[in-house]
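User: Hi! I'd like to walk through this structure with you. Can you take a look?

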Protein chains: 2
Amino acid sequence: MAAAGMKSKGLRVSESGRTVTKARATLSDVAALAGVSVGTASKALSGTGRMRPETRQRVLDAVQTLDFRPNQQAQSLQTGRSWTVGLMTTDGIGRFSIPVLLGAEDALGAGKISVLLCDTRGDLIREQHHLRNLMDRRVDGIIVTGRRTDPRPPLGGVHDGVPVVYALSPSTDSGDISVVSDDVQGCRLAVDHLLATGHTRIAHVTGPAHHAAATDRARITEQFLADASLRLVTGKPHFGDWSEAWGRRVAEMVLRMAPDTDAFFCGNDQIARGVTDTLRERGVPVPEQVAVIGYDNWDTMTLAARPPLTTIDSNLTEIGRVAALRLLEAIDDNPAPGVHRVPCRLVIRDSA
Amino acid sequence: MAAAGMKSKGLRVSESGRTVTKARATLSDVAALAGVSVGTASKALSGTGRMRPETRQRVLDAVQTLDFRPNQQAQSLQTGRSWTVGLMTTDGIGRFSIPVLLGAEDALGAGKISVLLCDTRGDLIREQHHLRNLMDRRVDGIIVTGRRTDPRPPLGGVHDGVPVVYALSPSTDSGDISVVSDDVQGCRLAVDHLLATGHTRIAHVTGPAHHAAATDRARITEQFLADASLRLVTGKPHFGDWSEAWGRRVAEMVLRMAPDTDAFFCGNDQIARGVTDTLRERGVPVPEQVAVIGYDNWDTMTLAARPPLTTIDSNLTEIGRVAALRLLEAIDDNPAPGVHRVPCRLVIRDSA
DNA sequence: CAACTATGCGCAAACGTTTTTCAAGCCGGA
DNA sequence: TCCGGCTTGAAAAACGTTTGCGCATAGTTG
């Protein structure tokens, strides 16, 4: 009995008279201790195969006493499943990819699946390199995520039978599986909130016109205003960059163009914060005279702003979770192609 | 010859009359095509073993035409090395762990090693769970990183022969390998810069007293001032939290206590930004009348502040890189135990 | 009591590599 | 001619699982 584990090559440490075998036990150690064959031991663990309950229990006991844990690599080699997915982030790992990543890790971790991290830094060569690496490691699936919401070309190279889900930035191929934020619904939340609180002279200030996140939201916002027989107070959206400085500048500009502006809907929280700074420095009370709504719910901005920002939360963590779930489905040969939109959430604080 | 690959179970797609075998080729496919045995093919690839150059070339050619890539799992099972390291972040994945993570991924990726991501969210149960998982996957090493710089107890549980490196938050066990930021040198950079630019009435405002990052830097700063026969202008450091709001409040306070203050050294960039906000609103010119130095070089803060912040960059990416390198050494049975300090960098902008 | 079915379990092949062992061929020297 | 050494490459044993097949034994039926 004490000689079980003999086969395992681990160092044997003798302490206080008792001989303790360290190093990991293998399934044949377990089988030997339980007095069965390896095959039987395997079946006992997996639940497959018929056997006397008593026999199964002997195996389970042996597993306990030997602290046996199956060798994943051997399992994977045999079954072809690695219980691993690759998470490829294309645009560096940043403020947007993190929550997605976390959500994915969360959803996958529950299912005993681990995440292999790859950062391509926007480099196609690196992307190919990582892709080959993931394939060599026989990952069960891949999640691709990027900072921008603009559509991206699908993963180049071959990923034979390995399913891919695009999170945050959708694939340009509509046959792929993509999970994105529902900009339409997000903008509706913001506009509806402003209208419901009696604002009608609304300005929209946002990021660069070559970002989908900017142009999409601008277009959608104008549409919703039109539905309420309104138009933007300055006649058009203002494109700039995603910075506080732009927020400060554009606020000045808008107030000059339309002094009776009663609300700013901003493309992100940094711009919104800049706007509030300008308003405060000009002595305009927020939200009493002018309301401000941001986008992203980035706490560093929303909480530090004066007053704290009302904003749209795009539920990035949820996007990550959903992407992971869709990937699991696809791995189980049940893919749901197309673009899945995750709804946003209005977070009301003090600025609107 | 066209029948090489017969054994591989991949689906065979027949298109335009030619029969193309998809799905990955195995080493025996290569061997068959090259007319050698599997063993020989393996040696040809690994460079070990002697053989006629011509034979080796035949194998290499076969590899090319079949687009063969070795099965990592089989390799790992055989050799015991998984070419994978676990990266465990204890405090959620955030602003501090990201750069570390990136640096590590960078340094490891160069050596064909991939990173398995684990987020424990500060939960010990989860930490244990992830640890077991990593062990089951036979990772070659583990990097543990956390948000706080406070020392943390070493990883519980068994990680038999698997080396561990602690990044950012060192292990309490000095026999472990830890890589941290050099706070002493960082504070010296800040204090020296202030002294060199003629400031002598310096305040230190920082985060919570129960954070090592706060108390350490406060103590070190006082020491350096003492070395120059100076003391803090308010007599003591001011502990609060890491927020802009605290920076704004404490700036008011300090100016009341010591109106002739000519410099603020802040525990992080958020506090520093808060300080500049208060100064600007009071009409105090920065840096002409009062200089401000931050800590962390968090661009979102430093660049948006008015004026942009001079700050200490703790080189987190470098910490990640160094941690990875130390881990590689340890994996090669050449560990360098103890605490390794990575120097900081003074980033001069407009506030000091 | 014979013939059958069900149950419980061992045996061995497979997964795709690496590595060790060993046989065959070739050469030169005695 | 025979032997020893060197080169080349084949064969086979590992690594630790999973799984299909088949053989006992026990339990049921005619």
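User: Which residues have the most contacts inside the largest nonpolar core?
Analyst: Those are A:Ile143 and B:Ile143, in a core of 81 residues. A nonpolar core here is a set of buried Ala, Val, Leu, Ile, Met, Phe, Trp, Tyr and Cys residues joined through C-beta atoms within 7 Å. Buried means that 20 or more other C-beta atoms lie within 10 Å of a residue's own, with C-beta atoms placed from the backbone. Helix α12 (residues 316–331) of chain B gives the largest share of this core, eight residues. Helices (H or I, at least four residues) and strands (E, at least two) are DSSP runs, numbered from the N terminus.

User: Before I go on, what should I know about the model and numbering?
Analyst: This is a predicted model: local features need pLDDT of at least 70, side-chain atom pairs count only at pLDDT 80 or more, and totals for chains, interfaces and linings use all residues. Residues are numbered from 1 along each chain as its sequence is written, while chains are lettered from A and ligands numbered from 1 in the order in which they are written.

User: Thanks! What does B:Ile143 touch?
Analyst: Leaving out residues up to four places away in sequence, its contacts include B:Val85, B:Leu87, B:Ala104 and B:Val165. Contact means C-beta atoms, placed from the backbone, within 7 Å.

User: Switching topic: how many residues does each chain bring to the contact?
Analyst: Chain B brings 29 residues and chain A brings 28. On the chain B side, α4, α5 (97–109), β4 (114–119) and α6 (124–136) each supply at least two. That side has 11 nonpolar, eight polar and 10 charged residues. Ala, Val, Leu, Ile, Met, Phe, Trp, Tyr, Cys and Pro count as nonpolar, Asp, Glu, Lys and Arg as charged, and the others, Gly among them, as polar.

User: And how does β4 of chain A pair with β4(B), parallel or antiparallel?
Analyst: Antiparallel, over three bridges; pairing needs at least two DSSP bridges between the strands. A:Leu116 stands opposite B:Leu116 there.

Technical notes: Two residues are in contact if their C-beta atoms, placed from the backbone, lie within 7 Å. A residue is buried if 20 or more other C-beta atoms lie within 10 Å of its own, exposed if 12 or fewer, and partly exposed in between; C-beta atoms are placed from the backbone.
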